[in-house]
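Keep the structure open as you read.

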Amino acid sequence: MANRNGQPSNAEIAAQALRYIDEQGLDGFSMRKFAEYVGIPVMTISNRFGSKEALLKEALSCMLAETSIDKVSGESWSDDLRRVARMHRRMALAHPGAFPLFLSVPAYEEPMLAYTSRVFATHEGQGLPEDMPAVFLSVMHSFLSGFQLAESFENQPSEEDRAKLADPASPTSRVFPLFNEQSFERNLDIIIAGLAAQYHLPLQ
């Protein structure tokens, strides 16, 4: 929604920043280039957000807002992990260029802090040990982030890699694809079974 002067609101600018990063990548982002992209003076953007880092956090907020992480009554801890993990993967696939933003902000800073709190809240009432949400976060964050960066890269092979994939004699063709929906679900099964065994949690 535009402000009273007809200029884009901060929320609209942040959404445009997310779109720009998806198109151009995070490494190439600068306030000057983005200002040219949206047709807004760079000083206006700087005055609105204060810094490049603040604008990037607002773009991350836009990306996180696309996920609907709410507690589901009666959901088991394992079903909860699967549901949130699948939503996380969908977010990463929808924003391959911007997903590294998710890794650039620590869990104790906003907007990641609010996002993490939402995830923790889904485990309330599941009868888990008090420290289990933090254990889940540590394990799942490591798995999801690594898997999704690899999946994003694998979905955008270079011309040279495409040639290797098309050659049945190439070792590359025999191991591809390692990162897709089927392997994601398999790895998720392994992690959940491991957590259940390690911490004596019920599998429902």
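Buried means under 20% relative accessible area, exposed over 50%, and partly exposed in between. The model is predicted.

Q: Are Tyr-20 and Phe-34 buried or exposed?
A: The cut-off for buried is under 20% relative accessible area. Tyr-20 falls in that class, and Phe-34 does too. Both residues are buried.

Q: What is the geometry of the aromatic pair formed by Tyr-20 and Phe-34?
A: The ring centres of Tyr-20 and Phe-34 are 5.9 Å apart, with 70° between the planes. Planes over 60 degrees apart count as edge-to-face. The pair of Tyr-20 and Phe-34 is edge-to-face.

Q: Which residues form one aromatic cluster with Tyr-20?
A: Tyr-20 pairs with Phe-34. The cluster includes that pair and two further names. Its members beside Tyr-20 are Phe-29, Phe-34 and Tyr-37.

Q: Why is the pair of Phe-147 and Phe-179 edge-to-face?
A: The centres lie 5.2 Å apart, within the 6.5 Å limit for a pair. Planes over 60 degrees apart count as edge-to-face. Phe-147 and Phe-179 qualify because their planes are at 75°.

Q: Where does Phe-179 lie?
A: Phe-147 is in helix H8 (residues 132-154), and Phe-179 is 32 residues away. Phe-179 lies in the loop between helix H10 (171-175) and helix H11 (181-199).

Q: How are H1 and H4 oriented to each other?
A: The axes of H1 (residues 10-24) and H4 (residues 52-64) come within 8 Å and cross at roughly 85°. Angles of 65 to 115 degrees count as roughly perpendicular. H1 and H4 are therefore roughly perpendicular.

Q: How many nonpolar residues does the contact of H1 with H4 have?
A: Among the residues that meet are Leu-18 and Ile-21 in H1 and Leu-55 and Met-63 in H4. By class, the contact has one charged residue and no polar ones. The nonpolar residues number 12.

Q: Which residues does Thr-116 touch, not counting those up to four places away in sequence?
A: Thr-116 lies in helix H7 (residues 112-121). Thr-116 is buried, because its relative accessible area is 10%. The residues touched are Ala-107 and Leu-137.

Note on methods:
Residues are numbered from 1 along each chain as its sequence is written. This is a predicted model: local features need pLDDT of at least 70, side-chain atom pairs count only at pLDDT 80 or more; totals for chains, interfaces and linings use all residues. Side-chain values use heavy atoms; hydrogens and water are left out. Helices (H or I, at least four residues) and strands (E, at least two) are DSSP runs, numbered from the N terminus. Buried means under 20% relative accessible area, exposed over 50%, partly exposed in between (1.4 Å probe, protein chains only). Contact means heavy atoms within 4.5 Å. Axes are lines fitted to C-alpha atoms, for helices over the stretch in contact, and angles run from 0 to 180 degrees between N-to-C directions. Angles under 35 degrees count as roughly parallel, over 145 as roughly antiparallel, 65 to 115 as roughly perpendicular and the rest as oblique. Ala, Val, Leu, Ile, Met, Phe, Trp, Tyr, Cys and Pro count as nonpolar, Asp, Glu, Lys and Arg as charged, and the others, Gly among them, as polar. Rings of Phe, Tyr and Trp (its six-membered ring) pair if their centres lie within 6.5 Å; planes under 30 degrees apart count as stacked, over 60 as edge-to-face and the rest as tilted.
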